[in-house]
Amino acid sequence: DIQMTQSPPSLSASLGDKVTITCQASQNINKYIAWYQQKPGKAPRLLIRYTSTLESGTPSRFSGSGSGRDYSFSISNVESEDIASYYCLQYDNLPYTFGAGTKLELK
Amino acid sequence: QVTLKESGPGILQPSHTLSLTCSFSGFSLSTYGMGVSWIRQPSGKGLEWLASIWWNGNTYNNPSLKSRLTVSKDTSNNQAFLKVTSVDTADTATYYCAHTRKLGGFDYWGQGVMVTVSS
């Protein structure tokens with residue numbers, strides 16, 4: 001199985017900050033990584049797929065980059081509505097595997 | 001517009017079989033490249049992919065659950081199903097179904113159904 005090491009587990013930011021979350025795969029995942037936002041009591045929402053492709057409706061302050069084993073997800077100008085947990089997912093190889101998640105909180 | 005909704009028993013006893021239904025609209029599971037996946041999340045914890053079923057009938061299960069999982073579909077009624085045998089308390093979680101595209105990840109999710117395993 002491909003392990004996805006996501007960091008940090010939690011993040012504290014002020015409104016307007018830029019924050020970055022990273023996921024490192026245990027092997028090359030050929031850019032097949034997606035990023036999800038999850039708010040309490042809600043299903044995850046797909047924000048970015050294939051490393052950097054924003055889904056329809058995803059604000060442009062969200063971005064993704066990376067290749068090989070190393071990937072990052074950023075939010076520039078954090079807004080109050082961005083307070084949530086974020087997960088990466090590799091879908092290059094079965095079994096699909098998620099990172100452990102990052103909880104973004106307001107400072 | 002793609003929508004999915006999970007349904008299930010809510011609570012069941014250890015050693016029993018969990019049966020879940022995913023009812024969906026906005027796509028067909030007979031269309032090339034379309035799939036439905038099942039993902040679960042224990043309260044306060046992370047996400048775990050369980051299984052996927054594809055337009056061509058192929059199924060893939062997470063080996064961590066060994067042979068406890070069975071996925072199936074009813075294309076004509078736009079439904080997918082998940083069975084988990086021999087449940088125990090570790091299977092207590094919210095179970096989601098999600099529309100899945102070939103090399104596209106899980107793009108649309110249901111609201112989730114909470115399942116509690118308890119005697």
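A salt bridge is a side-chain nitrogen of Lys or Arg within 4 Å of a carboxyl oxygen of Asp or Glu. One such pair joins Asp91(B) and Arg68(B), at 2.6 Å from N to O. The structure is a predicted model, in which local features need pLDDT of at least 70 and side-chain atom pairs count only at pLDDT 80 or more, while totals for chains, interfaces and linings use all residues. Residues are numbered from 1 along each chain as its sequence is written, chains are lettered from A and ligands numbered from 1 in the order in which they are written, and side-chain values use heavy atoms, with hydrogens and water left out.

**Salt bridges**

- Over all chains, a search of the whole structure finds 8 salt bridges.
- Asp91(B) lies in the loop between β8 (79–84) and β9 (93–101) of chain B and Arg68(B) in the loop between β6 (59–61) and β7 (69–74), so their pair ties together parts that are 23 residues apart in sequence. Strands (E, at least two residues) are DSSP runs, numbered from the N terminus.
- Asp91(B) is buried, with a relative accessible area of 2%. Buried means under 20% relative accessible area, exposed over 50%, and partly exposed in between (1.4 Å probe, protein chains only).
- In chain A, the side chains of Asp82(A) and Arg61(A) form a salt bridge of 2.7 Å, N to O. Asp82(A) is in the loop between β8 (70–75) and β9 (85–90) of chain A and Arg61(A) in the loop between β6 (53–54) and β7 (62–67), so this pair ties together parts that are 21 residues apart in sequence.
- Both Asp82(A) and Arg61(A) are buried.
- A further salt bridge links Arg40(B) and Glu48(B) at 2.8 Å, N to O. Arg40(B) is buried at 8% relative accessible area, whereas Glu48(B) is partly exposed at 26%.

**Nonpolar cores**

- A nonpolar core is a set of buried Ala, Val, Leu, Ile, Met, Phe, Trp, Tyr and Cys residues joined through side-chain atoms within 4.5 Å.
- The largest such core has 28 residues, and Val36(B), Leu82(B) and Tyr95(B) have the most contacts inside it.
- Elements of chain B that give two or more residues to this core include β3 (18–25), β4 (34–41) and β5 (48–54). The greatest contribution, 4 residues, comes from β3(B).
- Apart from this core lies another, of 22 residues, among them Ile2(A), Ile21(A), Leu47(A) and Ile48(A).
- Val36(B) is in contact (heavy atoms within 4.5 Å) with residues including Cys22(B), Phe24(B), Ala80(B) and Cys97(B), leaving out residues up to four places away in sequence.
- In soluble globular proteins, nonpolar side chains tend to be buried together.

**A sheet in chain B**

- Two strands pair if DSSP finds at least two bridges between them.
- In chain B, 4 strands form an open sheet in the order β1-β3-β8-β7, with antiparallel pairing.
- β1 (3–7) and β7 of chain B stand at the edges with a single partner strand each, so one side of each is left without a neighbour in the sheet.
- Within the sheet, β3(B) and β8(B) pair in the antiparallel sense over 6 bridges. The bridge partner of Cys22(B) in β8(B) is Ala80(B).
- Ser7(B) belongs to strand β1 of chain B and is partly exposed at 38% relative accessibility. Among the residues that Ser7(B) touches, beyond four places in sequence, are Ser19(B), Leu20(B), Thr21(B) and Val113(B).

**Strands of chain A**

- β2(A) runs parallel to strand β11 (residues 102–106) of chain A, joined by 4 bridges. Lys103(A) is the bridge partner of Ser10(A) in β11(A).
- Thr102(A), placed in β11 of chain A, is buried at 0% relative accessibility. A polar atom of the Thr102(A) side chain lies 2.6 Å from the backbone oxygen of Pro8(A).
- Ser85(A) is in strand β9 of chain A and counts as buried at 18% relative accessibility. Leaving aside neighbours within four places in sequence, Ser85(A) is in contact with Tyr36(A), Gln37(A), Gln38(A), Thr102(A) and Lys103(A).

Methods
Polar contact = N/O pair within 3.5 Å; in protein donor to acceptor, adjacent residues only side chain to side chain.
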